[in-house]
Amino acid sequence: MASGETHGAGRPDAGGPGQGELRNSVSVAIAGSGGAGVMTAGNMLLEAAAQAGYYALMTRSSGPQIRGGEAAAMIRIATHPIDGTDDRYDLLIALDWMNINRFAAEIPLGPQSVLAGDPDQGEPPEVFVKTGARYTPVPFKAAAKKIPNGWPNMIAFGLVGALVGLAEDALVKTVQKSMKKGGDALAGSLAAVRAGIEAAAGISGVPRIGSPPPQSPRWLVTGNQAAGYGAIRGGVRFVAAYPITPATELLEWMAPALKKVGGALVQAEDELASINMILGASYGGVPALTATSGPGLSLMIESIGLGITAEVPIVIVDVMRVGPSTGIATKSEQSDVNIALYGMHGDAPHVVVAPNSVADCLMTTQWAVHLAETLQVPAIVLADQFFGQARAVVERPADVAFAGERRTATAGDEGYQRYALTESGVSPMAIPGTPGITYTADGLEHNERGTPSSQAADHIAQLEKRARKLALLDCGSHWADVEGEGDVAVITFGSCTGPVREAFARAAADGVRARLVSLRLLAPAQPARLAAALEGVRRVLVVEQNHTGQLYRFLRAEYDLPGEVSSFRRPGPLPMRPDEIHRQLIEWSRA
Amino acid sequence: MTTPVKAQAAVTPQAFKSDYKPVWCPGCGDFSVLSSITKAFALLALQPENIAIVSGIGCSSRIPAYTTCYGFHGVHGRALPAATGLKLARPELTVVAAGGDGDGYSIGGNHFLHACRRNVDMTYVVMDNHVYGMTKGQPSPTTEPDWDSKLSPGGTGMRAFNPLVIALAAGANFIARGFAGDPNTTATLIAEAISAPGFSFVEVLSPCVTFRPEQREWKQMVRPAPVQSTDDPGRAARRLMTDDGMNVGVLYKGSRAAYRTAIAKAQRRPAELEEEFKI
């Protein structure tokens, strides 16, 4: 099957003589040891692609060293919106080879790929050579030495930009924008970029990106930033958190942003403190959030249960990484489904949502705030490292009106009962400072008034109240992205969604039609909605990035899935590639 | 909906007590600490709705519901972070965290250190009885190393924790010791603690008559601190390290500025934040 060789969903066009063929998606990687400036070059390539009117997505990888060590910037430029990486890279540029072999699995090359390296830094490692990629020596260091204030990474930037077909103007503007001080440094960088562009003339076989799509309002944003912004748009004004990879950037973005909009971020002493600080703030009436990753979520679990029992709305963003334990802190895996859904002791209904693209981190987090506030319940956002740390050119997300809408109680409401057994399950919350309706929020089971109670009747009534809030939730169309037709369906979530969409587009070219259900709302489960979405489906494939099929098992437990159900799963740290899902889809749909 | 109740001019200590009957044993020191806290509120002419009492788990942590203030009875050991979040989100409220020695010094020990360091403007009242009462008599961090119990026969062999010294070293701005048997003095200590800026720590010796009946003798052992409080941490450290734990009064009053990070006035609309993302 030829699917492994096609890039992107559309048909490749023919290129001009002496130039690489035109494609609607080109993937490149720039690697080198610490200090070589590969991240700078990568970010600039992303910005230049944005400048030239393309969509793009950059992921990054680095060695275990805190500072220095090998690093790789992986950039995909496309003529259409993209939410994932491609199957292989068209070009790998190595400024040097120090430990770059460690990235071999992450930067898959093939016989169509071009490998450019500095011959003065040694020969390319065997692991790359055996892919069949064509090696082209480029003396980055020696060339940079000849340029006053010129650096190898700027030559690489110019080279890659020219090879993939970005206009020189876009490259120059990007350099000017990133070096506003100007002077010798700017002159040196521009000269280096030009040297790179000239060097590109001697290299053939790298595909070029097709014409840019029509202009539209776009953002250059990371998933973590989008989530942080979504939280603020939803009304979050207090954040307490403990640093943890890969959630830290979300917090670092929010710290100054919150200050501007009248909020505050506190660095807590640990995750036990973070979660309880946000519970305290939200109890005080201020929508509050924390962000963490698996190990931190584990520490927070007990207190999330408190939020459920005391009915204090909070949002917890879990930027999932490879687990268990410390796992692989810098890499993505969708393996916190179980803890997010089932981590709490007791019967503890709560909300779990998952964004399914970089841009969707905004809407889904904003929605989580809305759900938490409206239902007075903790909401967990299962984001993942792939989106969190990916920086991408995305369509400006549509404005959604979700905002915190907490029902609060009125001063002096005689006979006020904080945990009144309302029809909706949601009871007005008294906010400290309001006279006449004081109460104690309690993790102890309680009666309607909030007084601790060990009576069976109170326990059952309050359990049902807390369950009712979620059971009656009308999530509208946001519970999932449902696309396509056909009698086979793929159910997935999070960062697998992009690769599944690409696999669908390729499968469509093979005549295979399928439906996609990308779940955004994991809890509370929506059996009626999924049943409607799967009407007429005879086979279901569940796609997820973990070892044990956590989503599959959850679906089996909570849903009555039609026909034959299979699981396609694979753990991190490597991102899901469209080709592996495409192959699975073809084999499975024909079996 | 009824109209808002007008705040009353003077609130008596009794008005801060709820009609909910405490779970405490007859003779428990916590009854009088509850009285001292409500007296302190009355002394300061506060209104119940403007006070929040935050606690974790344990006998003394049941205190919020015994008042007519806003209360937050959270999980074991996390009273201080919850109180911190509340105070930073709602700086105009009077926030009092309360609990016992197990809750505050063992499971919540890390938060105790960092609450002292952070120096948020709130008050922490610890009812210290050197034992876990709610779980029926296990040694706490302030229990003597040779105190025999079912869980730790022959004693823990661990040195007793000195909370006041730790608080001082970690940066608490106000440190006092009270005794449950003297509720009037304790009330004035708590009132002074609430009035003092930054993190105020009041350790109240509160006898457990059920599991530590020998603590009835504390009445004969406590005494007013022989010297005035100091603002010199070096001097305070020497006193706290060398006293027998029975000196009652304000023992240290510093001048550290309270923690500043709190919800600020908005300068920009949220929608303006997206400017930085635009291409």
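**Entry 1**

I started at B:Glu274, which counts as buried because its relative accessibility is 5%. Here buried means under 20% relative accessible area, exposed means over 50%, and partly exposed is in between (1.4 Å probe, protein chains only). The model is predicted: local features need pLDDT of at least 70, side-chain atom pairs count only at pLDDT 80 or more, and totals for chains, interfaces and linings use all residues. Residues are numbered from 1 along each chain as its sequence is written, chains are lettered from A and ligands numbered from 1 in the order in which they are written, and side-chain values use heavy atoms, with hydrogens and water left out.

I looked up the salt bridges of B:Glu274 next. The rule asks for a side-chain nitrogen of Lys or Arg within 4 Å of a carboxyl oxygen of Asp or Glu. A:Arg396 makes one with B:Glu274, with the closest N and O atoms 2.8 Å apart. A:Arg396 sits in the loop between strand 16 (391-395) and strand 17 (440-442) of chain A, and B:Glu274 in the segment after strand 8 of chain B, so this pair joins two chains. I noted A:Arg396 as partly exposed, at 25% relative accessibility.

A:Arg233 also forms a salt bridge with B:Glu274; the closest N and O atoms there are 3.7 Å apart. A:Arg233 belongs to helix 7 (residues 223-234) of chain A, while B:Glu274 follows strand 8 (247-253) of chain B, so this pair too joins two chains. A:Arg233 is buried at 16% relative accessibility. Helices (H or I, at least four residues) and strands (E, at least two) are DSSP runs, numbered from the N terminus.

**Entry 2: salt bridges elsewhere**

I ran the search over the whole structure and got 43 salt bridges over all chains. One of them pairs the side chains of A:Asp90 and A:Arg23, at 3.2 Å from N to O. A:Asp90 is in the loop between strand 4 (71-78) and strand 5 (91-94) of chain A, and A:Arg23 is in strand 1 (residues 22-23), so the pair ties together parts 67 residues apart in sequence. A:Asp90 is buried, at 2% relative accessible area. A:Arg23 is buried as well, at 9%.

I also found a network of salt bridges. It links A:Asp83, A:Asp360, A:Asp481, A:Glu483, A:Arg501 and A:Arg520.

**Entry 3: domain 1 against domain 2**

Chain A splits into domain 1 (20-209), domain 2 (220-395) and domain 3 (476-590). The bounds come from an automatic or database domain assignment. I took the first two. Their C-alpha centres lie 34 Å apart. I counted contacts, meaning heavy atoms within 4.5 Å. On that rule, 17 residues of domain 1 touch 12 residues of domain 2.

The two domains bury about 1,200 Å² between them, 54% of it on carbon and sulfur atoms. That figure is the accessible area (1.4 Å probe) that two parts lose on being put together, summed over both. In domain 1, A:Leu46, A:Tyr55 and A:Asp83 lose the most area to domain 2, together 33% of what that side buries.

Two salt bridges are counted between domain 1 and domain 2. A:Arg391 forms a salt bridge with A:Glu47, the closest N and O atoms being 3.1 Å apart. Polar contacts are pairs of N or O atoms within 3.5 Å; within protein, one must be able to donate a hydrogen and the other to accept it, and residues adjacent in sequence count only if both atoms are side-chain atoms. Seven residue pairs across this interface are in polar contact, both residues at pLDDT 80 or more.

On the domain 1 side, helix 1 (38-51) and strand 3 (55-62) of chain A are the elements that give two or more residues. Strand 3 gives the largest share, seven residues.

**Entry 4: two buried residues**

I checked A:Gln376 in the loop between helix 12 (360-375) and strand 15 (378-384) of chain A. A:Gln376 is buried, at 0% relative accessibility. Its side chain makes a polar contact of 2.8 Å with that of A:Arg418. Beyond four places in sequence, A:Gln376 is in contact with residues including A:Glu311, A:Arg406, A:Met429 and A:Lys469.

Last, I looked at A:Ile308 in helix 10 (residues 294-309) of chain A. A:Ile308 is buried, at 3% relative accessibility. Not counting residues up to four places away in sequence, A:Ile308 touches A:Met344, A:Ala348, A:Pro349, A:His350, A:Pro378 and A:Arg466.
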